[in-house]
Amino acid sequence: MVPTGKRESILRTLDEEGIDYVVTEETSSRDYTATVTFPLPQAAVEPVLEQLREVGLERDAYTVVLNAETVISRRFDDLVERYEENEENGDRIAREELAARARSLAPSWRTFVVMTAISSIVATAGLLLDSAAVVVGSMVIAPLIGPAMATSTGSVVDDRELMLRGVKLQVAGGVLAVVAAAAFAALLRTAHVVPLEATDIFAIDEVRERLVPDVLSLIIALGAGVAGALSLSTGVSTALVGVMIAAALVPPTAVVGIGLAWGSPRAVSGAFVLVLVNFLSINFSALAVLWIAGYRPESWFRREEARIATLKRIATLGVALLALSSLLAGVTYGTYRSATFEEETRTAVDDVLDDDERLERLSVTVTYEETFPYSRPKRVTVTVGHPPGIDPPELATRLAERIDRLDDPTFRADTPITVEVQYVVIDVKTSDRDARIDPKPDRDAGHGIVRPTDQFI
């Protein structure tokens, strides 16, 4: 809408830029003389609007940006070549479009609350059912991409209202998801719909995956934030990217709720760290991508203030992620050391059993203490097969001594490690796979204690 007295200057600017336009006379008796319509490549929207404002297009004037499916014009092709190939802004959308899309992605409070609660409850059901399909379904309906993108967009364009709305939605969404998951899980436990002990619940694969976050969790969340910012700033559909962001946020919050319902501090602490890492990573990477893409406030005198504020937020998020990353690195190293300990334990068992050809190692199981962030072995259970008709030798003490000699000060604990040997009779005449538990466990099962001196991590 062309304001009164600005018609000639606006049309002159369009002519100088080689932009085709159509002018329609305004007859509504308002403060506008005409309506001018013109096609632009996506990359040209922001710079052309800035030029029009410099010659008198007021901020409160009506400016509507629509998507055109196809424009057939040689002069338009020249504009495409000039702006999309030669301009620094590439294929990113205009600042105004970015803010408008971010606002549209942040739903109303009522819709946000209902959809977040539903997605959390569905995720909880999927985790307890160990159903990846149901968990993915919960991600599809989670409205979590909007708040994260609103926070980042509001920061870079200095829209405080949009930024605060995004922050409030993220915090409220996280709390609501945990509360909904905890309430639903507690209801299932009280009604004995899921009559399982805590050890059984947290042994479910879909739940166990979210209990101990590692460095890969950080990479996934950073990738989700980058993808969300790129899809928003380039005008690409954010639907699938929203599923990726929800994948990083919804299942861990549901596990926090399950941990609260079953009273497991280890589950709550591990899953909460994962939720916190994912929230911070998504905001950090999205904010950095939008800033690098060149989005700034419209007014030049606000750009320095916005620059300082944005860089401070990026630095704060970066420091927090760095601190959490050290924890994730420790967890990753602990996982590696646990695998190494188990492999060395199996090797020690094989060395002891090699002294008697009649004995065969069937399995070695290491049970760990319920601690976070570091796992500590509590019990080593060895299942040994032997032919019928013989009394197997006592092995627990010998195995305990061998495990005690494992030269790994990282895996030491103040509490002793119990070594338990279970004997199984193997009938080699029928099949090596046909086995039965020895009916005399009291006589054939031995126990030994390893008493390490260093802390076990």
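At what angle do helix 5 and helix 12 pack, and how far apart are their axes?

1. Helix 5 and helix 12 pack at an angle of about 75°, and their axes lie 9 Å apart, where axes are lines fitted to C-alpha atoms, for helices over the stretch in contact, and angles run from 0 to 180 degrees between N-to-C directions. That makes helix 5 roughly perpendicular to helix 12 (angles under 35 degrees count as roughly parallel, over 145 as roughly antiparallel, 65 to 115 as roughly perpendicular and the rest as oblique). Helices (H or I, at least four residues) and strands (E, at least two) are DSSP runs, numbered from the N terminus.

2. This is a predicted model, in which local features need pLDDT of at least 70 and side-chain atom pairs count only at pLDDT 80 or more, whereas totals for chains, interfaces and linings use all residues. Residues are numbered from 1 along each chain as its sequence is written, and side-chain values use heavy atoms, with hydrogens and water left out.

3. In the contact (heavy atoms within 4.5 Å), S119, S120, A123, T124, L127 and L128 of helix 5 meet V250, P251, A254, V255 and I258 of helix 12. These residues divide into eight nonpolar, three polar and no charged, with Ala, Val, Leu, Ile, Met, Phe, Trp, Tyr, Cys and Pro counted as nonpolar, Asp, Glu, Lys and Arg as charged, and the others, Gly among them, as polar.

4. Helix 4 (residues 95-105) and helix 11 (residues 215-233) pack at an angle of about 120°, with their axes 9 Å apart, which makes helix 4 oblique to helix 11. L98, R101, A102 and L105 of helix 4 make this contact with S231, L232 and S233 of helix 11, and its residues comprise four nonpolar, two polar and one charged.

5. Three strands form an open sheet in the order 1-3-2 with antiparallel pairing, where two strands pair if DSSP finds at least two bridges between them. Strand 1 (2-3) and strand 2 (22-25) are the edge strands, each pairing on one side only. Strand 1 pairs with strand 3 (residues 32-37) over two bridges, and P3 stands opposite Y32 in strand 3.
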